[in-house]
Amino acid sequence: MSAPLIPSITALILLSSDGSRLSSKYYSQFMLHPNGPNSPETLALRTAFEKQLHKKSRGKNGEIEILTIDSTTACYVQTSDLKIFLTSPSTESELVLSYVLEGFYSALQMVLHNQVDKRTVLDNLELLMLLIDELSDGGRILETNPQNLAERVLMKQPGEAGEGTPIGELTIGQAFNQIAGQAREQIIANMQ
């Protein structure tokens with residue numbers, strides 16, 4: 001009996017609306033120069049690939065689109081000022097790839113409270129990196145359910161409400177936002 005096929009991705013890339021890289025995670029040997037992953041040649045290869053992705057992507061906000069560059073399939077979704085790309089070998093199913101991206105994008109919306117834009121993503125980069133790590137390991141897809149992904153990133157038990165999370169379990173950004181909200185509520189209450 002053969003092992004079940006596990007879908008895999010070669011990269012997850014976030015670009016701003018002008019095509020500049022906000023974040024990227026490349027797996028295996030994809031877009032890797034023989035001089036190594038941190039070489040200027042690898043950086044040039046990846047930057048050129050990202051420019052191709054940006055140039056070919058012309059979808060509508062919130063809709064998942066698919067495009068092909070050389071032997072790579074890319075599935076992407078864009079917001080007003082952000083594009084999220086998921087790439088895989090052309091042998092991978094486009095349907096599976098779009099399903100994985102849909103799960104990732106929905107989880108990102110949950111984690112960022114439906115504010116998926118350039119500024120919010122950059123302000124919460126640690127949550128983005130955790131979400132990418134929960135989605136895949138070495139390019140192998142681990143989870144696609146957006147609720148499960150968001151709960152793992154936010155370190156919640158399934159179905160747990162976000163309001164009662166102890167401050168010690170929050171990220172720095174979340175703790176700051178919670179404290180600022182409480183201070184704002186106190187100021188408003190004292191003014192009345």
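## Starting at Val96

Val96 sits in helix H2; helices here are DSSP runs of H or I with at least four residues, strands are runs of E with at least two, and both are numbered from the N terminus. With 31% relative accessibility, Val96 counts as partly exposed. On this scale buried means under 20% relative accessible area, exposed means over 50%, and partly exposed is in between (1.4 Å probe, protein chains only). Gly62 is 34 residues away from Val96 along the chain, and their C-alpha atoms are separated by 18 Å.

A quick word on what you're looking at: this is a predicted model, where local features need pLDDT of at least 70, side-chain atom pairs count only at pLDDT 80 or more, and totals for chains, interfaces and linings use all residues. Residues are numbered from 1 along each chain as its sequence is written, and side-chain values use heavy atoms, with hydrogens and water left out.

## The whole protein

Now for the wider view. The protein has six helices and seven strands, and reading along the sequence gives the pattern β-β-α-β-β-β-α-α-α-β-β-α-α. Its C-alpha trace spans about 65 × 45 × 35 Å along the principal axes.

Of the 192 residues in the protein, 41% are buried. Take the contacts (heavy atoms within 4.5 Å) with a separation of 6 or more: 47% of them are between residues 24 or more positions apart.

## Helix H2 up close

Back to H2, which runs over residues 94-111 and has 18 residues. From its first C-alpha to its last it reaches 25 Å, close to the 26 Å expected at 1.5 Å a residue; that expected span is 1.5 Å times one less than the number of residues. At the start of H2, a side-chain oxygen of Ser93 comes to within 3.3 Å of the backbone nitrogen of Leu95. Just after H2, His113 takes a positive phi of about 55 degrees.

The buried residues of H2 include Leu97, Val100, Leu101, Phe104, Tyr105 and Leu108. What do the buried residues of H2 pack against? The list is strand S1 (11-16), strand S4 (72-78), strand S5 (82-89), helix H4 (125-135), strand S7 (140-141) and helix H5 (146-153).

## How the helices cross

Two packed helices are described by the angle between their axes and the distance between the axes. Axes are lines fitted to C-alpha atoms, for helices over the stretch in contact, and angles run from 0 to 180 degrees between N-to-C directions. The axes of H2 and H5 come within 8 Å and cross at roughly 45 degrees, so H2 and H5 are oblique to each other. Here angles under 35 degrees count as roughly parallel, over 145 as roughly antiparallel, 65 to 115 as roughly perpendicular and the rest as oblique. H2 passes H5 in a right-handed crossing; right-handed means the near helix is turned clockwise from the far one by less than a right angle, and left-handed means anticlockwise. On the H2 side, the contact is made by Gly103, Ser106, Ala107, Met110 and Val111, and on the H5 side by Pro146, Gln147, Leu149, Ala150 and Val153.

H5 also packs with H4, at an angle of about 130 degrees and with their axes 9 Å apart. That makes H4 oblique to H5, and the crossing of H4 and H5 is right-handed. Leu127, Leu130, Leu131, Glu134 and Leu135 of H4 make this contact with Leu149, Arg152 and Val153 of H5.

## Two buried residues

Leu53 belongs to helix H1 (residues 40-56). Is Leu53 buried or exposed? At 0% relative accessibility, Leu53 counts as buried. Setting aside neighbours within four places in sequence, Leu53 is in contact with Ile13, Leu67, Ile69, Ala74, Phe85 and Thr87. Thr68 is 15 residues from Leu53 in sequence and 9.0 Å from it in space, C-alpha to C-alpha.

Ser88 is in strand S5, and at 0% relative accessibility Ser88 counts as buried. Again leaving out neighbours within four places in sequence, Ser88 is in contact with Ser8, Ile9, Thr10, Ser71, Thr72, Thr73 and Leu97.

## Out in the loops

Ser28 lies in the loop between strand S2 (21-26) and H1. Its phi is near 50 degrees, a positive value in a residue other than glycine. With a relative accessible area of 56%, Ser28 is exposed.

Asp70 lies in the loop between strand S3 (65-69) and S4. Asp70 is not a glycine, yet has a positive phi of about 55 degrees. At 71% relative accessibility, Asp70 counts as exposed.

How values were computed. Polar contact = N/O pair within 3.5 Å; in protein donor to acceptor, adjacent residues only side chain to side chain.
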